[in-house]
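Subject: Structure handover and notes

Dear colleague,

I am handing over the structure below, together with some notes on what was found in it. Please read the notes with the structure open beside them.

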Amino acid sequence: MIARILAVATAEFALARRNRWVLMATVIMTLFALALTFAGAAPTGALGVDLLTVSVASMTTLSVYLAPLLALMMAFDAIAGEAERGGLALLLTYPVSRGELLLGKFAAQLAILAFAFAIGFGAAGAAAALAGGAGTESLIALARLIGTSVLLGASFLALGYAVSAIAGSATAAAGLAAGLWLVFVVLYDLGLLGAVVLDDGGTFTRNVFPWLLTVNPADAFRLWNVAAADGVALATGMTGAANALPAWAAPAALLLWPLLALGLARFAFGRVEP
Amino acid sequence: MTDSPALSLDGVVKRYGRAEVLSGINLVVKPGERLALLGHNGAGKSTLMKLVLGLTALSAGEIVVAGAAPGSAAARQASAYLPEAVSFHRLLTGREQLRLFARLAGESPRAVDPLLERVGLAEAAGRRIGTWSKGMRQRLGLAQVLLGRPQVALLDEPTSGLDPISRHELYAIIDEIAARGTAVVIASHALTEVEAQTDRIAILRQGRLVADSTLAELRARAGLPIRLRLTAQHDDAAEIHAQLGGERVNGTAIELRCRPDEKMDRLARIAALGGLVADVEVTPPSLEDLYRHYSGLETSGEERR
């Protein structure tokens with residue numbers, strides 16, 4: 001089983017290297033992370049934290065948008081595209097299960113995302129540390145940012161596979177993936193914000209709203225990074241919601257999401273008839 | 001005849017919604033046998049293959065692939081498939097693609113290079129498949145069929161779009177696969193080549209099996225006439241025509257038709273004419289004639305045995 005997953009992952013990795021996905025993902029992450037770090041260098045003095053802390057806070061916001069986007073862009077073609085090109089039918093006549101195929105692709109694409117995040121955030125973090133200093137706490141925050149970004153990417157890779165299996169064509173899968181991104185990253189937060197404003201500090205805001213944040217992997221990601229580091233919380237201004245939840249809530253949600261989404265993708269893939 | 005079948009279909013039915021694509025197919029293929037599966041577009045050939053491969057579910061009936069249920073790990077291990085328009089990753093090299101298949105089939109990646117050599121792709125193996133010709137891709141498709149010594153090989157239109165030389169090479173490899181004891185099913189409408197390259201012929205028409213036999217048996221049962229074409233010595237076709245009848249083709253040739261069992265009698269009479277006849281050409285009904293005959297027949301269940 002492991003041998004077959006590795007075989008699929010090896011081929012998938014070779015493909016991603018050739019169609020420049022590895023390069024593109026890494027360059028995009030690095031450029032944005034560097035730009036944000038230096039654009040966000042201004043408030044250091046006012047908050048009394050080192051530059052790396054501010055940099056991690058800005059990069060957290062960046063990752064909320066970029067990690068799901070990159071993951072979905074890589075994943076949406078995985079099943080629908082392969083089925084359209086006719087390769088899936090042949091692949092499925094081999095003694096490899098659909099779960100193994102999925103895990104192979106997942107392993108390769110997650111490795112690429114992890115590489116891009118490590119290089120991108122690492123480079124920006126190093127630049128910030130050199131320019132404005134860093135402490136143990138801010139270094140841990142950087143490591144946490146990279147780790148949680150990988151988890152966030154994993155959630156959306158798997159969601160992308162599910163969409164790819166449901167859509168039936170690569171074009172439809174691309175559209176669905178864009179919709180998914182919009183809902184999870186933009187509309188969900190807007191909806192919650194509207195509800196909080198209407199509720200005006202009532203029970204919803206105090207008891208329900210923080211939990212609703214953990215339901216969305218993008219918000220769980222933000223909460224985890226914010227709740228774990230005071231400096232980051234200070235810089236992002238998300239302390240309120242973070243303090244209303246037990247410390248395990250956001251990490252648990254972000255760890256569960258990739259598993260749930262993979263299960264969903266496997267179920268949807270099982271219904272695909274190539 | 002005591003061999004257990006490599007592949008057997010019993011009362012196979014496939015429906016898509018209300019449309020019945022295959023109805024009551026019974027078919028047995030023995031190890032080492034080459035079966036041509038003929039039929040128009042939409043007759044159900046590809047659907048039949050997908051059922052055998054477990055890519056789509058049966059509506060009724062039973063299929064046994066090398067003793068296992070279609071789609072099971074054992075059946076997938078025992079079968080190989082060449083899809084109609086075979087498609088590989090354009091960005092992978094031939095060697096990488098075949099290595100992936102080898103590892104999925106549980107075979108050593110070391111088996112890959114000899115195989116590429118066998119199908120004449122040793123030189124191109126390091127180049128991306130996107131730069132290959134259609135014939136090369138088809139040969140790579142065949143190379144992956146050779147992986148893992150399958151007991152059943154299903155080839156869907158293996159020669160479509162190939163030039164004559166590539167076709168010839170392709171059939172040489174198919175013969176080799178069959179010689180190892182693999183049951184080979186070839187779906188095709190390239191009738192003339194299948195004629196010489198297969199042991200048995202099955203004809204599908206609108207989801208029903210209307211013929212399943214050897215070429216000789218199909219010919220005998222169809223009772224289509226044999227054509228005898230006589231060329232006269234000294235442009236003297238009129239004399240022969242007067243003696244034997246038949247149809248004058250031009251000044252020097254005559255065409256006769258007879259039933260298979262009359263053939264020897266006719267030939268004896270022709271031989272008796274001695275010097276009048278310069279040449280005799282005997283043409284049995286072609287596969288195309290047979291195909292027309294059987295695929296035009298009303299299905300009265302005569303093939304149910």
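The notes that follow take conventions and confidence to begin with, then the interface, the sheets, a helix and some single residues.

This is a predicted model, in which local features need pLDDT of at least 70 and side-chain atom pairs count only at pLDDT 80 or more, whereas totals for chains, interfaces and linings use all residues. Residues are numbered from 1 along each chain as its sequence is written, while chains are lettered from A and ligands numbered from 1 in the order in which they are written.

The model scores ipTM 0.86 and pTM 0.85.

At the interface, 20 residues of chain A are in contact with 22 residues of chain B. On the chain A side, helix 1 (2–18) and helix 6 (87–92) each supply at least two residues, and helix 1 of chain A gives the most, with seven. Helices (H or I, at least four residues) and strands (E, at least two) are DSSP runs, numbered from the N terminus. The residues of chain A that touch chain B divide into 12 nonpolar, four polar and four charged, where Ala, Val, Leu, Ile, Met, Phe, Trp, Tyr, Cys and Pro count as nonpolar, Asp, Glu, Lys and Arg as charged, and the others, Gly among them, as polar.

Turning to the sheets of chain B, an open sheet of three strands has the order 2-1-4 with antiparallel pairing, two strands being paired if DSSP finds at least two bridges between them. Strand 2 (19–29) and strand 4 (60–65) of chain B are at the edges with a single partner strand each, so one side of each has no neighbour in the sheet. From one strand to the next the twist averages 25°, with axes being lines fitted to C-alpha atoms, for helices over the stretch in contact, and angles running from 0 to 180 degrees between N-to-C directions. Strand 1 (residues 7–16) of chain B is joined to the antiparallel strand 4 of chain B by five bridges, and Leu7(B) stands opposite Val65(B) there.

A second open sheet of chain B has four strands in the order 11-12-10-13, again with antiparallel pairing. Six bridges link strand 10 (residues 226–232) and strand 12 (residues 253–258) of chain B, with Thr231(B) opposite Ala253(B). Helix 9 (residues 237–244) of chain B lies across strands 10, 11, 12 and 13 of chain B and runs at about 20° to strand 12 of chain B.

Strand 6 (residues 152–156) of chain B has five of its five residues buried, a residue being buried if 20 or more other C-beta atoms lie within 10 Å of its own, exposed if 12 or fewer, and partly exposed in between, with C-beta atoms placed from the backbone. Val152(B), Leu154(B) and Asp156(B) are on one side of strand 6 of chain B, and Ala153(B) and Leu155(B) on the other. Strand 6 of chain B runs parallel to strand 5 (residues 79–82) of chain B, with four bridges, and pairs in the parallel sense with strand 7 (residues 183–188) of chain B over five bridges. Leu82(B) stands opposite Leu155(B), and Asp156(B) has Ala187(B) in strand 7 of chain B as its bridge partner.

In helix 11 (residues 287–296) of chain B, the residues Leu287(B), Leu290(B), Tyr291(B) and Tyr294(B) are buried. They cover an arc of only 100° around the axis, which puts them on the same side of helix 11 of chain B; the arc is that of the directions from the helix axis to the C-beta atoms. The face turned away from this buried side carries the exposed residues Glu288(B) and Gly296(B). The buried residues of helix 11 of chain B pack against several elements of chain B, including strand 3 (34–38) and helix 7 (191–197).

Arg20(A), in the loop between helix 1 and helix 2 (21–39) of chain A, has a positive phi of about 70° although it is not a glycine, and Arg20(A) is exposed, with 10 other C-beta atoms within 10 Å. Arg149(B), in the loop between helix 5 (134–146) and strand 6 of chain B, has a positive phi near 45° and is partly exposed, with 14 other C-beta atoms within 10 Å.

Best regards

Notes: Two residues are in contact if their C-beta atoms, placed from the backbone, lie within 7 Å.
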